[in-house]
Amino acid sequence: MLYMFISVHGDFTLDELNDRIEQFDWPPGEKPPPIHESVRSGATGGVPAHGCHLRYTGSQTMHFTLHSLDLLQPLVKTTSSPAWASWQALVDVVQRYTASEFTHDSVVALDKAIWNHLKLYQSVTQYKDCLRPKHHFLTHSAIDILNFGPPRQFWCFGYEAKNQAVKRA
């Protein structure tokens with residue numbers, strides 16, 4: 001998505017985005033590092049290149065995503081872009097997915113939000129052939145929540161953080 005707005009639409013530069021990240025009022029412990037240069041790289045046809053992604057941990061990606069609408073809205077000019085609609089739908093999914101409690105109705109709403117995001121994601125021409133197994137796994141979220149409870153009870157962010165400490169040692 002960032003590739004689309006930086007390199008395809010030209011709505012903002014990577015420097016402008018990183019300045020916005022630096023100046024944004026993040027909750028304590030949630031500020032991600034600057035975004036890596038790789039998000040600007042693309043292949044022919046305006047398609048993101050292999051390796052064109054955030055180089056964040058899962059936790060950093062989650063915090064960036066949860067705050068991204070407030071962070072990006074002042075920068076995004078091409079608000080009619082299918083990529084923006086897809087991103088907004090993904091943020092809705094992440095907000096619902098990270099809830100600490102679920103009701104039957106909220107699980108159904110999450111499932112509908114996931115299908116909406118996937119439909120919008122597939123409508124972005126530049127994302128053609130970019131579906132990954134994680135997109136399929138996302139479709140199992142509702143049944144997983146019904147079977148196992150809120151994802152925050154079984155997600156791996158704590159283990160990832162421990163891996164980072166081991167890598168640095």
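A pocket is an open set of grid points with protein on both sides within 12 Å along at least five of seven lines. The largest pocket in this structure has a volume of about 1600 Å³. Keep in mind as you look around that this is a predicted model.

**The largest pocket**

- The lining of the largest pocket is made up of 39 residues. Thr 61, Trp 87, Leu 90, Lys 134 and His 135 are the ones that lie nearest its centre.
- Which helix gives the most? That is H4, with seven residues.
- Sorted by class, the lining has 25 nonpolar, eleven polar and three charged residues.

**Where H4 meets H5**

- Helix H4 covers residues 82-97, and its axis comes within 8 Å of the axis of H5, crossing at roughly 160°.
- Angles over 145 degrees count as roughly antiparallel, so H4 and H5 are roughly antiparallel to each other.
- The crossing of these two helices, H4 and H5, is left-handed.
- On the H4 side, the residues in contact include Ala 85, Ala 89, Leu 90 and Tyr 97; on the H5 side, they include Leu 110, Ile 114, His 117 and Tyr 121.
- The residues of this contact between H4 and H5 divide into twelve nonpolar, three polar and two charged.

**Where H5 meets H7**

- H5 (residues 104-122) also has H7 (residues 141-148) as a partner: their axes come within 8 Å and cross at roughly 155°.
- That angle makes H5 roughly antiparallel to H7.
- Left-handed or right-handed: how does H5 pass H7? The crossing is right-handed.
- Val 107, Leu 110, Asp 111 and Ile 114 from H5 meet Ser 141, Ala 142, Ile 145 and Leu 146 from H7.
- By class, the contact of H5 with H7 has six nonpolar residues, one polar and one charged.

**Where H2 meets H3**

- Helix H2 (residues 14-23) packs against H3 at an angle of about 110°, and their axes are 11 Å apart.
- Angles of 65 to 115 degrees count as roughly perpendicular, so that is how H2 and H3 are arranged relative to each other.
- Leu 17, Arg 20 and Ile 21 in H2 are in contact with Phe 64, Asp 70, Leu 71 and Leu 72 in H3.
- Here the contact residues of H2 and H3 divide into five nonpolar, no polar and two charged.

Definitions and conventions. Residues are numbered from 1 along each chain as its sequence is written. This is a predicted model: local features need pLDDT of at least 70, side-chain atom pairs count only at pLDDT 80 or more; totals for chains, interfaces and linings use all residues. Side-chain values use heavy atoms; hydrogens and water are left out. Axes are lines fitted to C-alpha atoms, for helices over the stretch in contact, and angles run from 0 to 180 degrees between N-to-C directions. Helices (H or I, at least four residues) and strands (E, at least two) are DSSP runs, numbered from the N terminus. Angles under 35 degrees count as roughly parallel, over 145 as roughly antiparallel, 65 to 115 as roughly perpendicular and the rest as oblique. A crossing is left-handed if the near helix is turned anticlockwise from the far one by less than a right angle, and right-handed if clockwise. Contact means heavy atoms within 4.5 Å. Ala, Val, Leu, Ile, Met, Phe, Trp, Tyr, Cys and Pro count as nonpolar, Asp, Glu, Lys and Arg as charged, and the others, Gly among them, as polar. On a 1 Å grid over the protein atoms alone, a cavity is a set of points where a 1.4 Å probe fits but cannot get out, and a pocket is an open set with protein on both sides within 12 Å along at least five of seven lines; lining residues have an atom within 4 Å of a point. Grid points are joined across faces, edges and corners, and a volume is the space filled by probe spheres set on the points.
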